[in-house]
Amino acid sequence: MANFAGKKILLVEDDNFLSELLSKKLIDSQATVTRAANGEEAISIVKSNPKFDLILLDLMLPKIGGFEVMEAINADEKIKGTPIIILSNLGQKNDVEKGVSLGAKKFLVKAILSLDEIVDAAAEIIK
Amino acid sequence: MNLFSIFGQGGNSHGARNSDSSPFKETYILALVHKLRTPLSGARWGLDMALKNKECKDRDVLNESYNKIIEALNTIGEILKAAEMDSNERFTNLRKEKINFCVIIDGILKDLDYLVKEKNINLQYDRECDPQTIFGDKKLLYLSLTNIFDNAFRYSPNGTVTVIMSEEGNMAKLVLQDNGIGIEKDDLKHMFEKFYRGKNAKELDQTQNGLGLFATRKIIEMHKGSIKIESEFNKGTKVEVKLPID
């Protein structure tokens, strides 16, 4: 089982149920989890708390989408380089390429993964 | 976020929707796929969590519910694949690499082990496979071949499925032989049509949707391979796939 003791994870997901379940799973693995329900909130949180070990980022978000969040993070020297895993429910080739070009460490499709698989993927990035 | 906010206006210059327009249809399908996958992902994860709770009651019912959701998610994946094939987007850019054919088959059998057990299949597979290197899109080939194995297992309950790997000239050959429900002669010529399902198959399993062989053949042919199906009603089916060796 993954151990995220001492690690801070930002979970950006607008579907409250998905966010709740994934957050609980991460907390069970000892992570400190902050949740954001839209892109605007995510950017605000990251700018005021620049020490996240990982951001789990949905793409289709209200207000500001996931790619815009990544662009905003890349434009700020203080938070640029924060590891990001995209959690989408599509996975079209152009989305994956764009995510990778913006610096995503992984592009995961929620619909084909279990919670354990997502946690394992996060553990690969947070070492 | 409703469908139309994802969907946008679309349509022709008069603002009316033109359902024959390919990019329009693809955007619509992507929006639908996203709308379906989100709640189903939630249901899947929720059930997964409930089943892992030691005090879980009605485990059998929850387990079956979980399996149904996986089936629904798989179907949505097939719809997405079919939409991609219609738009030809994905299939002009195969991500080719050297692949060990035996390793792909081993992986598929491992992933479908649950179905082998569920359908009580006697699986005959000589795992002493000579490595055959093919050059192809690993993910797409995996998906297309998984479909063939899935069909063999699903439509041969309590039966035998034999897997034979060999070489024929410069082609790697996979033969999958089952003694399952077979395909009626009238259905056989339609088997590779999108959404077509044989009468026999529909009677046995109503949860499948018939997208699989259409996608399977398309992927194999894109790799300059071939797929052939021979079958006899209530006796069994033989599927032969050939792919060029690298």
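Predicted model: local features only at pLDDT ≥ 70, side-chain atom pairs only at ≥ 80, totals over all residues.
**Entry 1: chain A, overall**

I began with chain A and went through its secondary structure, which comes to 5 helices and 5 strands. Reading from the N terminus, I noted the elements as β-α-β-α-β-α-β-α-β-α. Next I looked up burial: 35% of the 127 residues of chain A count as buried. I also checked the contacts in chain A between residues at least 6 apart in sequence, and 62% of these join residues at least 24 apart.

**Entry 2: the sheet of chain A**

In what order do the strands of the open sheet lie? I traced the 5 strands of chain A as E2-E1-E3-E4-E5, with parallel pairing. The edge strands are E2 and E5 (106-109) of chain A, and each of them pairs on one side only. On average, neighbouring strands of this sheet are turned by 20° against each other, direction ignored.

I then followed one pair along its length. Strand E4 (residues 84-88) of chain A runs parallel to E5(A), and 4 bridges join the two. Here I found A:Ile86 standing opposite A:Phe107 in E5(A).

**Entry 3: two helices of chain A**

Helix H1 (residues 16-28) of chain A packs on the sheet, where I see it touching E1 and E2 of chain A. The direction of H1(A) makes about 165° with that of E2(A).

Which residues of helix H2 (residues 39-48) of chain A are buried? My list reads A:Gly39, A:Glu41, A:Ala42, A:Ile43 and A:Val46. I was curious about what lies over them: the cover includes strand E1 (8-12), strand E2 (32-36) and helix H3 (66-74) of chain A.

**Entry 4: chain B, overall**

Of its 246 residues, 30% count as buried. For contacts in chain B with a separation of 6 or more, I noted that residues 24 or more positions apart account for 66%.

**Entry 5: where the chains meet**

How many residues of each chain take part in the contact between A and B? I have 18 residues of chain B in contact with 14 residues of chain A. On the chain B side, the elements that give two or more residues are helix H2 (22-52) and helix H3 (59-87). The largest share comes from H2(B), with 12 residues. Sorting the residues of this side of chain B by type, I get 8 nonpolar, 7 polar and 3 charged.

Key. Residues numbered from 1 in each chain as written. Chains lettered and ligands numbered in written order. Contact = placed C-beta atoms within 7 Å. Nonpolar A, V, L, I, M, F, W, Y, C, P; charged D, E, K, R; others polar. Buried ≥ 20, exposed ≤ 12 C-beta atoms within 10 Å, placed from the backbone. Pairing = 2+ DSSP bridges. Axes fitted to C-alpha atoms, helices over the stretch in contact; angles between N-to-C directions.
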